Amino acid sequence: MQPYGLLFSTLLMLAITACSTPIAQVTGTSSPSPTNTSQPVTIPVATEVPTTTQPLSCDNWQSLPVIPVVSETTRQLYERGHTSGNDPQAFSKIGDGEISTAWFFTAFDLGEDYYDLGPYQNLLSVIEYFDGSFERIGMAARRGFNTNLILDSSASDMNLCESSESPLSCELRLHRPAFAILSLGTNQVWRRDDFAAGMRQILDVLLSKNIVPILSTKGDNLESDHSINRTIACLAQEYDVPLWNFWSAIQPLPNRGLQPDLEHLTYGINDFDDVNAMQSAWALRNLTALQALDAVWRGVTAQP
């Protein structure tokens, strides 16, 4: 793998400053935790495309697979979106700092000098297919965002959005994605009812436009009882849409993939062939997000 050079340093600094805490609550930036290599994490080499629907349960969400299962409902949703003009080679990021930071997904649009798939060469096809969406930071992804702001027209970029458009509506009009990755929750751990109601509204908008949502559980447990992640799993079950169980992916990592503040993820380069890198939550976040996108894409399009 070639050196990351200046871009690596730049992305690392961006990642350190791109936290998911609401802007008004930011008091400082945590330093990355040292990497512990004593217990290497093993992720299956192959990204398997689910062929059957497995029932989700709110009660056993912690044991649900990391990579989502694609249901017939999701396949039909994608087909309707394809017919209505959604771009099949585009996805949008919707959420807070952990999805809007340049540290998430950007490298996959910059070329193979900036990541190493290692044993996951089967993921090269999904990287090539969705070229352009990985680096793009859309209207509905921003540090400090929560469900309320994503639906609030006053939070939109007035240079690109219409006066009545929310960041979500603006993003969907500009990008016309076939898929949307949702990563939210940390900024609303003390307003759980607002989070649940807002997620429903976001999902209703996406489904009204026949866009396939991919919901993500979050890595932290700031609310102490995992109620936000349980809500996310319940919504995935209720709407019968894919769930990327990121929380489960990082549980085997040192300190469960979290820095000492128990909120921010540990950092590492996107070298999936490096044991040390694979001890970081950010490496696993990028890998499993790519696997989730690949599984959903192949599942709805019947790709081999």
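**Strand pairing, nonpolar cores and a buried aspartate**

Strand 1 and strand 2 (residues 177-183) form a parallel pair joined by 6 bridges, pairing being assigned where DSSP finds at least two bridges between two strands. The model is predicted, so local features were taken at pLDDT of at least 70 and side-chain atom pairs at pLDDT 80 or more, while totals for chains, interfaces and linings use all residues. Residues are numbered from 1 along each chain as its sequence is written, and side-chain values use heavy atoms, without hydrogens and water. Helices (H or I, at least four residues) and strands (E, at least two) are DSSP runs numbered from the N terminus.

Strand 1 (residues 87-95) is largely enclosed by the rest of the structure, because 7 of its 9 residues are buried (buried: under 20% relative accessible area, 1.4 Å probe, protein chains only). G95 has S183 of strand 2 as its bridge partner. Helix 6 (residues 167-175) has P167, L168, C170, E171, L172 and H175 buried; the elements covering these residues include strand 1, helix 5 (147-150), strand 2 and helix 7 (192-208). R176, with a positive phi near 50°, follows helix 6.

The largest nonpolar core has 47 residues, of which F105, F179, W244 and L290 touch the most other members. A nonpolar core is a set of buried Ala, Val, Leu, Ile, Met, Phe, Trp, Tyr and Cys residues joined through side-chain atoms within 4.5 Å. At least two residues of this core come from each of helix 2 (72-84), helix 4, strand 2, strand 3 (212-216), helix 9 (246-249) and helix 10 (281-301). Helix 10 contributes the most, 12 residues. A second, separate core of 29 residues includes L184, M199, L203 and L215.

W244, in strand 4 (residues 243-244), is buried, with a relative accessible area of 1%. Beyond four places in sequence, the contacts of W244 (heavy atoms within 4.5 Å) include V66, P68, F104, I181 and R285.

D109 is in the loop between helix 3 (97-100) and helix 4 (124-129). D109 is buried but has no salt bridge, and K93, the nearest side chain of opposite charge, is 7.1 Å away (salt bridge: a side-chain nitrogen of Lys or Arg within 4 Å of a carboxyl oxygen of Asp or Glu). A polar atom of the D109 side chain lies 2.9 Å from the backbone nitrogen of G132. Apart from neighbours within four places in sequence, D109 contacts F130, D131, G132, S133, F134 and E135.

How values were computed. Buried < 20%, exposed > 50% of the residue type's maximum accessible area, 1.4 Å probe, protein only. Lys, Arg positive; Asp, Glu negative; His and termini not counted. Polar contact = N/O pair within 3.5 Å; in protein donor to acceptor, adjacent residues only side chain to side chain.
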